[in-house]
Amino acid sequence: MAVLFVILPVLGVSLYYSLGKIVYDSIDSSLLSRAKALATLVLSDNDETEFSFSDEIMWEYNSPKSKSFFQIRRFDGTTLEKSTSLRDGELFFPGNEQQTSFKSVMINGAPARLIDFHVPDENASKGKEHGLIIQCAEDIQDQITLLKNYRLILSLSILSILIISASGGFIIAKKALTPVKEISETIDRISESNLSERITSRHIPEELRLLASSFNLTFDRLERSFNRQRQFTADASHELRTPLSVILIQSEIMLRKERTPEEYKNALAAITEASKMMSEIVRKLLTLARLGADKVDLKTENIHLADIINKAVKLLTSFAEQHGIRINVSADEHAVIRGEQETLLELFSNLIDNAIKYNVPQGKVYIFMKKEDGVAVTEIRDTGIGIPDEDLDKVFDRFYRVDKSRSKLRGGSGLGLSICNAIVKLYGGRIEIKSRLGTGTTVSVFLKEGRDNNMHI
Ligand code: ADP
């Protein structure tokens, strides 16, 4: 609008002045031809100046109603001849002008255009004052009226264009911005407590639909992550409540009255067990938090996977022996991956720990690791209790335990597999679990083999 408000008036003014110039130029050139025509009819002979004007010319200038005028003067201003159309009046004479010139003047109360056409005397010896000035004038009332009307029409047209475009622009802008306003109001309404509301795309124009659906997708993600967060906090609190209440109850009972050393010993053992459980949960939560951070700071190096697996087995050997379980390892010594010792050890010790924990007495754990098309595949197979089919896709969820009673009995918190999953994802790999109830479980880990692995960190 601002551009229109500047451009249109400038355009109008320049159009008006161009037309004015065309009109005045055409009047001036016609006046010049008339003056030249009159000059050819002036005969100078010694001191005498004669005019041989035809009837036709006389008719043009001499009618009292004629709109054309002429006056012939000497250079000093004395009039030699003038048209009858001038009646008693005279054409304006500036006196000291040396050259042919054009002016706008008033003749008998009407606007007119005037030429002072200088005709120097051919006989130079007679001096300059013997030359003639042929003045021709023409009434330009009609042309001035035409220009006035043109100016009026132009101003009105520009004004109406400005009004129409301003109001049209306003209406269009308002209409176009209404959905934006609605979108923004909906977004304002959506808050932590109201994350399920969405922008309805019914009244939204095509151009904004993409934006609205991007917002909706973002809110979907936000809602999911909020719910996950909420669930996680609830689960974590729930998990920590059990060992905490064990500690609290044991302490309260012991403090109620004097106890025997045996009773104190038992209570302290229970408290230690509960504290260990809590500290394990907290450690796993911290690991998960670290793995879930936007930027995970891993101290990567080239690692022989067989070394890590052997280390994890070594760590868990006494635990396995307690349950009479034998671990069998067969690992390719040449498989190298780029990674961090700590996280890889966490991954394999969690999986082997599960294979021992959920095994049967005197059961077996088989670990195979080999290279396959640039991928290091590790299989951890046990002869344990297995997982029911309906639980298989949930075991990677945080705090998910297949059967709370069997897990609790074995000291699980439901965080082990979700940590494994997070680690494998971090390495750009994959983890799969297959199981048959009562027969055993096989967990397969696929990690990109190579010394310059690109990790999703
Ligand atoms: P936890 O710390 O309780 O072991 P996980 O996340 O490691 O939690 O495992 C989730 C659930 O999956 C466990 O509660 C357990 O019931 C089941 N599970 C995991 N590994 C095995 C396995 N090798 N054999 C049988 N059940 C398993």
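The legends below describe close-up views of a predicted model.

**Figure 1. The shell around the ligand.** Helix α9 is the element that gives the most to this shell, with 3 residues. Both α7 (341–357) and α9 (416–426) supply at least two residues each. The shell holds 21 residues, of which Y358, V402, G412, G416 and L417 come nearest to the ligand.

Figure 2. Strand β13 covers residues 430–436 and strand β14 covers residues 440–448. The two strands run antiparallel to each other and are paired over 7 bridges. One of the bridge pairs joins R430 to F446, the latter lying in β14. Between the strands of this hairpin there are 3 residues. The turn contains G438, whose phi is positive, at about 80 degrees.

**Figure 3. R87 and its backbone angle.** Most residues other than glycine have a negative phi. R87 is not a glycine, yet its phi is positive, near 50 degrees. The residue belongs to the loop that links β4 (79–82) and β5 (101–107). R87 counts as exposed because it has 12 C-beta neighbours inside 10 Å, the cut-off for an exposed residue being 12 or fewer.

**Figure 4. N108 and its backbone angle.** A positive phi of about 50 degrees is also found at N108, which is not a glycine. N108 is placed in the loop between β5 and β6 (110–119). Is this residue buried or exposed? N108 has 12 C-beta neighbours inside 10 Å and therefore counts as exposed.

**Figure 5. The contact between domain 2 and domain 3.** According to the domain assignment, the protein chain is divided into domain 1 (2–148), domain 2 (206–291) and domain 3 (301–448). The centres of domain 2 and domain 3, taken over C-alpha atoms, are separated by 24 Å. Domain 2 brings 10 residues to the contact and domain 3 brings 11 residues. On the side of domain 2 that touches domain 3, the elements giving two or more residues are α4 (206–256) and α5 (261–292). With 7 residues, α5 gives the most to this side of domain 2. The classes represented on the side of domain 2 that touches domain 3 are 5 nonpolar, 1 polar and 4 charged residues.

Technical notes
Residues numbered from 1 in each chain as written. Predicted model: local features only at pLDDT ≥ 70, side-chain atom pairs only at ≥ 80, totals over all residues. Near = placed C-beta within 6 Å. Helix = DSSP H or I, 4+ residues; strand = E, 2+ residues; numbered from the N terminus. Pairing = 2+ DSSP bridges. Buried ≥ 20, exposed ≤ 12 C-beta atoms within 10 Å, placed from the backbone. Domains from an automatic or database assignment. Contact = placed C-beta atoms within 7 Å. Nonpolar A, V, L, I, M, F, W, Y, C, P; charged D, E, K, R; others polar.
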